[in-house]
Amino acid sequence: MNTDKQRWEEDGWVVLEGVLPPDAIAAAQEALPPLFPTAEEFANDVDPARNEPFRVDSHMVIPRFPFESRALNDLVLHDRIISLAEEYLEMTDIRLYQGMVSAKYGLGALEDEQLLHVDYGNHTLVVPRPEVGYQQLELFIYLSDVTPESAATRMVSRTLTGDIPINRSYLSPEEYDHLYQAEVPATGPAGSILVYRPDVYHRGVRMTQPGGARFMLHVSYKPANTDWLGSQAWPGAAEGLEWNMFMHRADVRQLSVLGFPPPGHAYWTPATLEGVQLRYPLLDMTPWSEGMAAR
């Protein structure tokens, strides 16, 4: 087991650098201004109505995959991200179950200061199970430099929380002050990835850097055939323009982690091949037609 994955197993989180190509991060950064105010626009209150949600609760504006931006979609489903998820989950039959992008601004919303919590409360119908085939993987891809002052997520090592009852998904500062004192900011330059488990206590914080902004992609993967895990449902987006734009250039690996029937699957017949081609005229159906022939 490599050192980074061992830290993820033991502490529950690790920040990785150098996983994604710099040009992919730069392209994603260029896609942000249509979605969010820039740091300067927010600081100068250029558009008060656009800024207002981020003064109340930054979670009020969270665009979700699929995005209109090709660059953001490419990061969510980047080959290196899928390979990272396969490595940490120790399996290749995996599914993307969440993709979204968020923003925080200097001296923004007081509601951004969260309690320590675990994410399984709204990611699963049950409770986490640590064995291979049951874990899920959560990733924050940093699209800006993340420091303690620019709202780095605070993390608490799993080695300190083993005695907390599993139904305690939120921890009060009064009862668990020692854990708030032990939290560590997950810092890293743009392009870094915070990789964490669903059972690690952590919290988002208010950004204290005046005039600054912090942008990140939230990406989550899980094993296939785990209906009790999830967040977003892709069929609900399938009639949107963004989905159709994405489908016209998606590849087999990307579609497979979205639950699209892979080449060779029994779903594929001459009629379904023809129908899907009509629905997505620019999607190259060759791998699926060849898979059906080989079957």
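The protein chain has eleven helices and ten strands, where helices (H or I, at least four residues) and strands (E, at least two) are DSSP runs numbered from the N terminus. The radius of gyration of the protein chain is 20 Å, close to the 19 Å given by the globule rule for 295 residues, so the chain is as compact as a globular protein of that length; the radius is taken over C-alpha atoms, and the rule is 2.2 Å times the number of residues to the power 0.38. The model is predicted: local features need pLDDT of at least 70 and side-chain atom pairs count only at pLDDT 80 or more, whereas totals for chains, interfaces and linings use all residues. Residues are numbered from 1 along each chain as its sequence is written, and side-chain values use heavy atoms, with hydrogens and water left out.

Along the principal axes, the C-alpha atoms of the protein chain fill a box of roughly 65 × 50 × 30 Å. Of the 295 residues, 50% are buried (buried, under 20% relative accessible area; exposed, over 50%; partly exposed, in between; 1.4 Å probe, protein chains only). The accessible surface of the protein chain comes to about 13,700 Å², and carbon and sulfur atoms account for 53% of this surface; areas come from the Shrake-Rupley method with a 1.4 Å probe, and for residues only the protein chains shown count as cover. Among contacts (heavy atoms within 4.5 Å) between residues at least 6 apart in sequence, 83% join residues at least 24 apart.

The protein chain carries 22 positive and 41 negative side chains, with the centres of the two sets 3 Å apart. Lys and Arg count as positive and Asp and Glu as negative, while His and the chain ends are not counted; each charge is placed at NZ of Lys, CZ of Arg, CG of Asp or CD of Glu. The structure holds 17 salt bridges, a salt bridge being a side-chain nitrogen of Lys or Arg within 4 Å of a carboxyl oxygen of Asp or Glu.

One of these salt bridges joins the side chains of R197 and E9 (3.2 Å, N to O). The pair links distant parts of the chain, 188 residues apart: R197 is in the loop between β8 (193–196) and β9 (202–203), and E9 is in helix α1 (residues 3–10). R197 is buried at 2% relative accessibility, whereas E9 is partly exposed at 23%.

A salt bridge also connects R158 and D199 (3.3 Å, N to O). R158 lies in the loop between β5 (154–155) and β6 (170–171) and D199 in the loop between β8 and β9, so the pair ties together parts that are 41 residues apart in sequence. R158 is partly exposed, with a relative accessible area of 26%, and D199 is buried at 19%. A network of salt bridges links K5, E9, E90, R158, R197 and D199.

R70 is exposed at 54% relative accessible area, and D74 is partly exposed at 23%.

H218 lies in strand β10 (residues 213–223) and is buried, with a relative accessible area of 12%. Not counting residues up to four places away in sequence, H218 touches Q98, G99, M100, V101, S102, L139 and F140. The C-alpha atoms of H218 and I62 are separated by 9.8 Å, with the two residues 156 apart along the chain.
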